[in-house]
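Please open the model in your viewer and keep the selection panel at hand. The stops below are meant to be taken in order.

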Amino acid sequence: MKKAFFLDRDGVINEEVDYLSDPGRAVILPGVAAALRRLHEAGFLAIVVTNQSGVARGMYGESDVQAVHERIQELLAREGAAVDRFYYCPHHPKYGSPCSCRKPEPGMILTACREFDIDPAHSAMVGDRLSDIAAGRAAGCRACYLVKTGYGMEVLRNEDVSGIEVADDLSDAVERFLALDGEAH
């Protein structure tokens, strides 16, 4: 079985922009490309799992989500990095039916595990919200990291994060997990 880093998108890979639908506003956070190269070198897939309720809210369409993902891939490629797959949840319970893919539900992670033959017990989740951590835990990820980027600092100030691993950013989370996993070089 394969192993992966499951990554929230906004605030982890790219700068947090509420309801990002314009590819021109996508900006990769510092150190992300190097972190993605590092996790790939260690044999991990990079899988983005992102809630995109702006679709359910009628703020933008699924084609806009795809365009943002294409732009993120373009920006990462300039630095020799890539995401292996983007999964997104276009739902919101207030604007339609409940679903099993919207974080904190583990649906996107479990789908990726099936499609890529990933063992979550050898994988990690990295996010900037408690819903990311809950999804990773529900999917059985070995470790879940709350990063201080994006909404992470706000979460640290306002929520109980006892029992949650906190990392400065994606690079820090990758290095911590590789050390834990015994794969640091």
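Predicted model: local features only at pLDDT ≥ 70, side-chain atom pairs only at ≥ 80, totals over all residues.

Residues are numbered from 1 along each chain as its sequence is written, and side-chain values use heavy atoms, with hydrogens and water left out.

**The sheet**

Select the strands first: 6 of them form an open sheet in the order β3-β2-β1-β4-β5-β6, with parallel pairing. Strands here are DSSP runs of E of at least two residues, and helices are runs of H or I of at least four, both numbered from the N terminus; two strands pair if DSSP finds at least two bridges between them. At the edges you will find β3 (85–89) and β6 (165–167), each of which pairs on one side only. Now colour β5 and β6, which run parallel and are joined by 3 bridges, and look for Leu146, which stands opposite Val166 in β6.

**Helices on the sheet**

Next select residues 107–116, helix α3, which packs on the sheet and touches β1, β2, β3 and β4, where contact means heavy atoms within 4.5 Å. The direction of α3 makes about 145° with that of β3; such angles run from 0 to 180 degrees between N-to-C directions, and axes are lines fitted to C-alpha atoms, for helices over the stretch in contact.

Then show α1 and α6 together, which pack at an angle of about 20° with their axes 8 Å apart. These two helices are therefore roughly parallel to each other, the cut-off for that word being an angle under 35 degrees. To see the contact, display Val32, Ala35, Leu36, Arg38 and Leu39 of α1 with Leu170, Ser171, Val174, Glu175 and Leu178 of α6.

Centre on Leu76, whose contacts, not counting residues up to four places away in sequence, are Ile28, Val32, Ala33, Leu36, Ala81, Ala82 and Val83.

**A loop residue**

Finally, select Ser53, in the loop between β2 and α2. Is Ser53 buried or exposed? Ser53 counts as buried because its relative accessibility is 8%, buried meaning under 20% relative accessible area, exposed over 50% and partly exposed in between (1.4 Å probe, protein chains only). Leaving aside neighbours within four places in sequence, Ser53 is in contact with Tyr19, Cys89, Pro90, His91, His92 and Arg102.

Conventions: Parallel < 35°, antiparallel > 145°, perpendicular 65-115°, else oblique.
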